[in-house]
Amino acid sequence: MIPLSWYLIFAAALFCIGLFGVLARKNAVAILMGVELMLNAVNINLVAFWRYLYAPDLAGLTFVAIVLVAAAAETAVGLALIISVYRRRSTVVVDDLSLMKG
Amino acid sequence: MNFLMDHLLSWILFIPTVAALILLLLPNRANLLRWYALLASSIPFVLTLVVWFNFNNGQPGFQFEEQAVWYAALNSSYHIGVDGISLPMVLLTTLLMPLAMLASFSVKERIKTYMFLFLLLETGMLGVFLALDLLLFFVFWEIGLVPMYFLIAQWGSANRNYASLKFILYTMGGSLGLLLAIQLIGVVSGTFDLPLLFDRWANLTQGTLMGLPVTTVKAIAFWAFVIAFAIKVPVWPFHTWLPDAHTEAPTAGSMILAGVLLKLGAYGFLRLVLPLYPLEARTYAGWLAALGALAIIFGALSAYGQTDFKRLVAYSSINHMGFVVLGIAAAAWTIGTQDAAIALNGAVLQMFNHGLSAAGMFFLVGVIYERTHTRDLTKWGGLFPLVPVYGGVLIFTAMGSLGLPGLGGFVSEFMVVRGAWPVFTLATALSMIGLFFTGAYILKALMMVLHGPLNEEWRGHLPEINARELLVIAPLMILMLVIGLWPSWLLDMINRAVVMLF
Amino acid sequence: MTIQTLLWLLPLPPLLAFALIILVTNRWKALSHTLAIGAAALSWLGSMFICWTVFRLDGLAEHPIGSTIQWLPTGADSWLSIGTRIDPLAAVTLFFVAWTVLFIFIYSVGYHNFGQPQGDHDRAGLPPEGATLKGKGHHRVPSIEPMYSRFFAFISLFAFAMYTLVVSDNLLTLYIGWEIMGLCSYLLIGFWYGKKSARDAAVKAFLTTRVGDVFMLLGLVGLYKAAGTLSYAGIFGNEEMLHTLATTGSGILGLSQAGLFGLLLFIGTVGKSAQFPLHVWLPDAMEGPTPVSAMIHAATMVSAGVYLSIRIFPLVSQSETALLVMSIIGAFTALFAATIALAQNDIKRVLAYSTISQLGYMIAALGVGAYVAAAFHLVTHAFFKALLFLGSGSVIHGMEHGVLHTGEHVDPQDMLNMGGLRVKMPITFWTFLIGGFALSGFPLVTAGFWSKDEILSGAFAGGHWVVFATLAVSALLTAFYTMRQITLTFLGQPRTKAAAHAHETPLTMTLPLMVLSFFAITAGWVGIPKAFPVLGGLINPWFEEFVGSMLPAHGEAAEAGHSLVPLFTSLVVALGGLYLGWLVYSKVKAGAKDPFARALPGLHRVLQNKYYIDEFYQRAFIRPARWVAEEFSYRIIDRGLIDGILHGIAGGGLGLGRFTRDQVDLPVWNHFVEWLMARVPALGRVLKGVQTGRVQQYMVIAIAIAVVVGVLFVYFFVLA
């Protein structure tokens, strides 16, 4: 059987890729994708821990389900925002969106 | 149906508030708002009648009780109920409210706010009469003040700012001591529940509180209660807010102020002071009687000295409420005897009667004020032929106020005087001066309004009292007559409550 | 129907009539008076039935008929009961009340000119001034009273109150009737409220009697406390109770309880029956319409005061002091009022003073213990005084007719303007003569002689010489001024054109005169003492036995040997007074002054001004009272002292607030805050560089801080 640590290492790697995408990419869509990666990394963690430590109990899976729903909603709202920004300013590069500069 | 019957008092208490909130959502159409307010305030009256006919006179203690958790941390609960003393007051309140609403049909400005405040006021007043928890009592006591303040300040006449400020400051000043004393009682006794306190606080006679002997602390708390209630009654010399407030308030405001708000003070004496402080009340009964007699005498004298009709009626309230105080003082001294029962019967009945006659008088002043836009007695004269129906109604109501035998006021004054005579002979005898001048000022008013040479200014400009106004005054007149002829339908309830309570 | 039920129903018809007239029929004059008279007739019928039944009963005093109901609850299982009852005193009172009330109602129809046209310029609140008849040139006739219906409503209410008073079995309902009568008296005296004199008289009447009433109320409550009941049977019919009250001290002025409460109640009588010093209202009350004067201020209401005194006599008689006070006040008033009557020219005022004087007679009679005599005089006086007032009303009416007819501007009430009316108004003359003779005590035939004689013999037999002498002198004066009145009014020649054109009044007015004059004669025959020479024993002295049985200790002054001295005195003063009056006044010419004023101008002026008592009261009581009310109580105490203190406190608070604002808030706090405010933007300029507007930079910083905090956390908490 595959040990738990493999899953964790895999999830950490996925999380780091996502984090990099969020921090380094300029395209807002790409940032959104990074966020998705990070969320799914967490999901893998949750499923792994559930399988190895709390198997019959359903609490872990419930959490995963909630995260999935939240992620879907977040993506929908995020994409809508990006489209709205694009319509107004014809760009999705986040460095150009600096109206909040002090 | 059970839900209605089991929480009858709560319905009576909160329907006005709910109605007030719904009122805010209604469209701003004058007649709709008026009729709505009239209808809304009639519901508690109908429910009160249900309570009245289901009330068991012979049963000791409170009836229709309801208790629910409220401020558990403070040992204070939502506890309400009625007995033979509070039920007549509830009836008086719920009866006068629709009449006041009907009387307010002539109000033209900001009707929505006006009616809203009135409905809130009703909950405040009813709460005081229904509360069986000291803290609840105090909350409602204060709630009643605010709408009244705005009613005077917004819809009053020329000097309204002064009058409304004087009214609220005076009453709040009294409330301060009351609040402190209530907290003291709550902390010492561990409860605010009145039926429990009647036992615990009244029987607390030994030991020390905060480094002082219990008796001293209780005496101080007693006076805090007395002053708060004395201001509200008002007892001479705490009375000067009243003529101003009454004079400046809108007609319906004066009706409620005289008809119900003054009763809150007297009710405080009956519900709280006498049962909670029997010993202190006995010790200081002489002072209270003296103040009552002074209120009777100076109230009547000052009323006689007025040329402003409304102020004259306002002073007559001081005069009449003096009898309530005299009765309470006599009862405090003789508690447990037949004299006390008679004096208290008289005092409670006098509260009810004064509610009818004072509300009626203020309304009639309002009727003529609306037509002539003056309150100055010297500006009228000889109006009888112009408004014969109004004149007849005014004479009748004035005679009720004067205490003419055959009308309600006499019965209660007779009983108070009968109860007070054996204990405070001198005060009672001196208060006869006041009774004499009651006649003098009533006749002065009647003469200056109705009789005398006609002031030609009003010929043709003075419409007769209309059907709506007659509808307001008629129930009051009928009740005055009924109580005068057959008082025991009401007195029997009061009497049994008084006998069982004291 | 049993007597018990009937007693309860007796006062109701007039009350119903009152309510109906006020609420429904006030627009229809004929219907209104029909209702009122019908109601009065019903009550009259009931009263006659009751009287007819009880007059023949033996032992009515011991076993009065009546019933009670519980009215006021007074503590645990105790009630104050009220009820009705008929006993001998109530029965005789009921008898004269029923008769006088009914006939005065009928009289009012004529008096208020029913059937005459509407006036030309009549106004509600003023007496009708007459109407011009078209078609017959410029002929002026009396016009109908504008407030005709209201008058009948008020007198109906009055009748209700009077019946209530008579049939009640306790002092409380008596007091209720008493006060409602006071209200009616006020309303009716001020009936023509457009006249200032009427208005003032109404207020004066109400307030003066109210002085008595508040004392009476004290007496009531005191007696109620002491005796535990207010019923006649429980107090006056209860020897034990009377004894207790007589022997218990009241702690006030050394009086026993009986004396104190008796006197307090008696003050009520002083007010209601217009005894000195509260007599001032009654003469002024003549401003009301004459039927009112007859009914309220002669026959019934003022009699009610005496009725009360007779009622409480068993109580009062327990105290010598109280009796003494009664006899002094009564005798003094009798003389005092008679002297004033000598100098009055207004036909009604003379009668008013004579009423006061006669009521004083009754009070004095009670004071000397002549219980039956007082009740007897009460009955006879009610008849003949009502007759006299109605007669005077008829005279005035006739004179007014003359005044309207001739257009002459003379006072139709001034007797000096009359004269010779016997020719024009024969019925009025003869009936008035009967009434006047009854008042003077014309021997043997008139009722007044028998009752007065009984009072005098009561005073004489009791050894009250001063009272006896005073009453004898006032009887002389009474006869004198009565004859003066008759002579000036009816005899001789007319002194004005108006008097020459006076007219006899209609049947509605003369019929009551005739009926009442019948009683003015015969009412005395029921009380002819047995010991009276020749006549004694011819008619059974029924009154004496019937009313006398009311007293527990039966058998009083009159029984103690009938001396001839009082009889002789009565004869001399009555005949002498009448003769003197005729002698002095039969020759008064038109325009001449009163012979009395010519002979003794100083005394005449004092008497005409009623000893200046009104002026004295005005200075000593009314003005000070007004000052106390307007200045002391309102301006000085309320506005000055109490509000002054309040405004002082408010001013102090305001001052303190102004101080903290001007001296603390503005300089200290405001300054500090302003300095602080100036610094804030500079700080913001420094810090704004941090905000780049780039989301990713923010995130880097956030992650960096999270990493640092995480490391520190692990280092310090987890590893440590």
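How many residues of chain C are in contact with chain B, and how many residues of chain B take part? In this predicted model, 42 residues of chain C are in contact with 41 residues of chain B. On the side of chain C that touches chain B, two or more residues each come from strand E1 (65-73), helix H6 (171-189), helix H7 (196-227) and helix H28 (613-687) of chain C. Of these elements, H7(C) gives the most, with 13 residues. By residue class, the side of chain C that touches chain B divides into 26 nonpolar, eight polar and eight charged residues.

Chain A was examined separately. Its secondary structure consists of three helices and zero strands, and the pattern read along the sequence is α-α-α. The C-alpha trace of chain A spans about 50 × 25 × 25 Å along its principal axes. The radius of gyration of chain A is 17 Å, whereas a compact globule of 102 residues would have a value near 13 Å.

Burial and contact order in chain A were also computed. Buried residues account for 6% of the 102 residues in chain A, where burial requires 20 or more other C-beta atoms within 10 Å of the residue's own. Among contacts in chain A between residues at least 6 apart in sequence, 50% join residues at least 24 apart.

Methods
Residues are numbered from 1 along each chain as its sequence is written. Chains are lettered from A and ligands numbered from 1 in the order in which they are written. This is a predicted model: local features need pLDDT of at least 70, side-chain atom pairs count only at pLDDT 80 or more; totals for chains, interfaces and linings use all residues. Helices (H or I, at least four residues) and strands (E, at least two) are DSSP runs, numbered from the N terminus. The radius of gyration is taken over C-alpha atoms; the globule rule is 2.2 Å times the number of residues to the power 0.38. A residue is buried if 20 or more other C-beta atoms lie within 10 Å of its own, exposed if 12 or fewer, and partly exposed in between; C-beta atoms are placed from the backbone. Two residues are in contact if their C-beta atoms, placed from the backbone, lie within 7 Å. Ala, Val, Leu, Ile, Met, Phe, Trp, Tyr, Cys and Pro count as nonpolar, Asp, Glu, Lys and Arg as charged, and the others, Gly among them, as polar.
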